[in-house]
Structure formats: structure tokens, C-alpha cells
Amino acid sequence: MTNLIVCATDFSPEANSALAWAAAVARRVGGNVDLVHVEALDSKDIGAMGRLREEAHAVAHDVDVSVRPKLLRGEADQEILRHAREGGASMIVLGSHGGGGLKRWALGSVAERTLRSAECPVVVVPRAPDDHDWFAAKKESPGAPRVVVGLGSGPDRELVQFVASLRGRTPCDVTFLQLYWPLEEYARLGLHGRRDFVGPDADVVKDLEPGLRSKIGDLSGAGAIDVDIRPAWGDPAANLLVAVEEHDAELIVVGAGHAHGLTRFMTGSIAERLARQSRYIPVACVPADNVAAQAPATTPTPNLRTVLAVTDLSVAGNAAIPHAYSLLRGNGGVVELCHVFEHALASPPYAYDLPNEGLTDLQRARLLRELRALVPPDADSFKISTHVSIVDGGKAAEAIVQAAERLKVDVISMASHGRSGLSATILGSVAQDVVHRAHKPVLIVRGR
């Protein structure tokens, strides 16, 4: 994070609030502010530079930071972006109107174009109450600002890096927030039985939290770190604002990349809606690293640690199991040895209590014994451990893919067919269905 913050103004109250925020942040991180106003090439306003100097001097004196007035000429968004790029700015700060239509931005469509084209983070600041002190800039011993970071389903490296750079200059208490769509997660994980549709689901949180913490990693800087995983119904932007208010945050950080199709998380369009809808809290929209995105991808050699070995307990299905263990023979790992007991479930299975036609305790114990008997005798010598499990209910292919998601395996291994006829087991068509559905590599062992 460099020391320069570029703040654009049109001399409106909203722009004045943005300048106060920019100056407060600059004071905390030891930076300086360029106060930028862009005039049209044919403008005759001879007093603009004087107003810029007055505002810059007033804020610099009040907050004790360096604020330099810069009068530019040309297309507003292009000149703002050019000035930020040439100065190596850490961020661009703009004011936002709380209303709709053409009044929703202090700089109108200029702000939208700036947000969409910026190479550095753009912070949209709503108009603050007159007595509000952004980031506690004037306090002798200010507390750590509270920041909420909205993470999506992608890597989100830029968001984490932005927060780390901010924490490197000033302590920040950060909450990383991930919203999930309950019906989508219940179906992905194959969760059965009546679920809580309002609060966070413990099984979903347990599945998503390791990935979320992996994104965060060992976040540098000072301040507390927390995670919040919660369901979202309806507009993700509105859900995020509710969470931000609950955390009493002073800054929202989201990605500014533009998604396509039905992407539902912290995408560019959601960042823009947040910037429009947030009435009191600034929104930092962090662009993706285009240079890194365009660089040739280098894929490291996968390190397989967990394999889902599926069998219908037929001769052909069991014959595929040693191949699953062979994948881990070099470095060791875990084989999740699994059997699917097919039977119909309620529809949807996460909205009703579990049906009564499932396995009895005696049947389950018998199947577990059969599975344990299939573990190769030399597995321990190769440092391969085995977990056995039974999926009670559902269609075989769907249940296998869901088990792979729940268990977070690296590979699925199965036979191409099992018993013949209409038996509820792993048939050739099931293997084909797994290949089409799975997000993991699938090893198919041809049965005889």
C-alpha cells in the first residue's frame, strides 16, 4: 500500500464527506491526499482552483495531513484514473448519494465508470452525519476500525491483500464474511432431514469454514480476525449490509470483478449495488489483479491425500478398491471407503424428517463389517488409513458426488459397473453420471 490517496470532488456535501474519510485514513496510515477536481476542456469556471485550495487547506489543518489540490481537465473518469495510475495511488475515494436515479452518485456516471475501470481499490463514501468522525481521526487514542470483508466463491486474493496492506499501517479488527445459499449447499452436501432455514447451518459452516480460513491464511498486521458464515436469501447486497450493521463495521470491502451468468456472491454488480445502497458505511471495491489473471497458469503436480473409494459390495465393485489405495501408495493418506444404500428420500430431503425405510442398526453393522474386510492388508505399511461410511438413502450417483463434497476428497475411485439388472447399486450408467456430475477427478476401474 503506497502513501497516496486520490480523492475526487465535485464540491458537493457527499464529496466533502469522502474527503473527510480519505484524510482520516491518510492520518492513520501516514499517507497524503491528492484532492482532484476535473473540469471539462471548454469550462470557464475560473474559481475551481481557489475552491480546491480552500478545501484542501481546511482539511489539512483540521486532520493534520498533507492534502494537495489538483485541477485536471478532460473526461472526468479518465483523468481521475490517469492521475491515480501515474501517482501509484493506493486507492481512489469518491462520494456517493443515498438517493436513486441520476442522484445516486456524487459524480454520477463518472463514479460508475471509475469503479469499473480502476486498477486500484475504489472507496465509495456516503454522506456522513455532521458530527461523525471517520475512523476516529481526531481522537488521541483511536480504537481499531472494524472492517467487514465480503468473500465469494473464488480465491479473493486481492481482497485479503488489500486488508493486509491496510492492517500493516494501522490496526484493524476484520471480520471475513461469506454468504451461502442454503438450498444450494444442502443439495451439494446431500444433507438430509429437517434443516434450519434461517440461522447458519452447523453442517454447512463446518464444510465452508476450512476453505474460508485457507483464503485468509496467516493475515499480517495488527487487530482481531474473525469469520462469519451465514445463509443469504434474496439480494446478497442487502444480506451483506444486514451483517455489516450487526458487526457495527466502519468499512465494507468487496471485490469489483464483473461476473457473468448467475454468479451470486461478491461480484462487480453487487459491489455497485452496495455502493448505492450503503447509507452510512464506506464501500471499498477491490479490482482483480488483471496482470496475474492474464499470466499463463502453472498447475503444480497434485498431491493426493484423500480418495473416496465407492463399492456396491459386488465382486466387480470390490475389485476396484485396491486401485484406490494404489493412488496413495507413495505418500500415504486416507481412503474413505463408502457404500451407498439406495432408497427414496423425501423431496426435498432437507425439508422433512428422515424416512423410516432406512437401514436398521443390524443392517448397518453388517455392511460396516463387510467394508472393513475389504481394506488391503498392507495398507498400514504404506501409511494409508481407512474411514468407512454408509450413505443411507438417495440415488447412487448423486450420493457419491455429495459424499465427495462433504469429505473433501481429492479423487473418486469406483468400478464401471456392479450387479446387473435393476439392483440399486453402482451400474455403468452410475459411473458415467458420477463423471459428469463430480467436481473431482474420477478413476474408473473397468469391471469384468
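Q: Let's start with Glu246: buried or exposed?
A: Glu246 counts as exposed, at 54% relative accessibility, where exposed means over 50% relative accessible area, buried means under 20%, and partly exposed is anything in between (1.4 Å probe, protein chains only). Keep in mind that this is a predicted model, in which local features need pLDDT of at least 70 and side-chain atom pairs count only at pLDDT 80 or more, while totals for chains, interfaces and linings use all residues. Residues are numbered from 1 along each chain as its sequence is written, and side-chain values use heavy atoms, with hydrogens and water left out.

Q: And which residue does Glu246 form a salt bridge with?
A: Its partner is Arg230, with the closest N and O atoms 2.9 Å apart; a salt bridge here is a side-chain nitrogen of Lys or Arg within 4 Å of a carboxyl oxygen of Asp or Glu. Glu246 belongs to helix 8 (residues 236-246) and Arg230 to strand 8 (residues 225-231), so this pair ties together parts that are 16 residues apart in sequence. Helices (H or I, at least four residues) and strands (E, at least two) are DSSP runs, numbered from the N terminus. Arg230 is buried, with a relative accessible area of 15%.

Q: What else of helix 8 is buried?
A: The buried residues of helix 8 are Pro236, Ala237, Asn239, Leu240, Leu241, Ala243 and Val244.

Q: What happens at the start of helix 8, and what follows it?
A: At the start, a side-chain oxygen of Asp235 comes to within 3.1 Å of the backbone nitrogen of Ala237. After the helix comes Asp248, which has a positive phi, near 55°.

Q: Back to salt bridges: how many are there in the whole structure?
A: A search of the whole structure finds 20 salt bridges. One of them joins the side chains of Asp77 and Arg113, at 3.3 Å from N to O. Asp77 is in helix 3 (residues 76-87) and Arg113 in helix 4 (residues 109-117), so parts that are 36 residues apart in sequence are tied together by this pair. Asp77 is buried at a relative accessible area of 8%, whereas Arg113 is partly exposed at 36%.

Q: What about Glu405?
A: Glu405 forms a salt bridge with Arg188, and their closest N and O atoms are 2.8 Å apart. With Glu405 in helix 14 and Arg188 in helix 6 (residues 182-189), the pair links distant parts of the chain, 217 residues apart. Glu405 counts as buried at 13% relative accessibility, while Arg188 is partly exposed, with a relative accessible area of 23%.

Q: Which residues are linked in a network with those two?
A: Glu185, Arg188, Asp207, Glu405 and Lys408 are linked in a network of salt bridges.

Q: Where does helix 14 lie?
A: Helix 14 (residues 396-407) lies across strand 11, strand 12, strand 13 and strand 14 (411-415), and runs at about 160° to strand 11. Such angles run from 0 to 180 degrees between N-to-C directions, with axes taken as lines fitted to C-alpha atoms, for helices over the stretch in contact; contact means heavy atoms within 4.5 Å. Helix 13 (residues 361-372) lies across strand 12 and strand 13, at about 150° to strand 13.

Q: What is the strand order in the open sheet?
A: The open sheet has five strands in the order 13-12-11-14-15, with parallel pairing; two strands pair if DSSP finds at least two bridges between them. Strand 13 (384-392) and strand 15 (442-445) stand at the edges with a single partner strand each, so one side of each is left without a neighbour in the sheet. On average, neighbouring strands of this sheet are turned by 20° against each other, direction ignored.

Q: How many bridges join strand 11 to strand 12?
A: Five bridges join strand 11 (residues 306-310) to strand 12 (residues 333-341), and the two run parallel. The bridge partner of Leu308 in strand 12 is Glu336.

Q: New topic: why call helix 1 largely enclosed?
A: Of its 17 residues, 13 are buried, so helix 1 is largely enclosed by the rest of the structure. Just after helix 1, Gly30 takes a positive phi of about 75°.

Q: Last one: what is His83 in contact with?
A: Leaving aside its neighbours within four places in sequence, His83 is in contact with Val6, Asp34, Val36, Lys70 and Leu72. His83 is placed in helix 3 and is buried, with a relative accessible area of 14%.

Note on methods:
A polar contact is a pair of N or O atoms within 3.5 Å; within protein, one must be able to donate a hydrogen and the other to accept it, and residues adjacent in sequence count only if both atoms are side-chain atoms.
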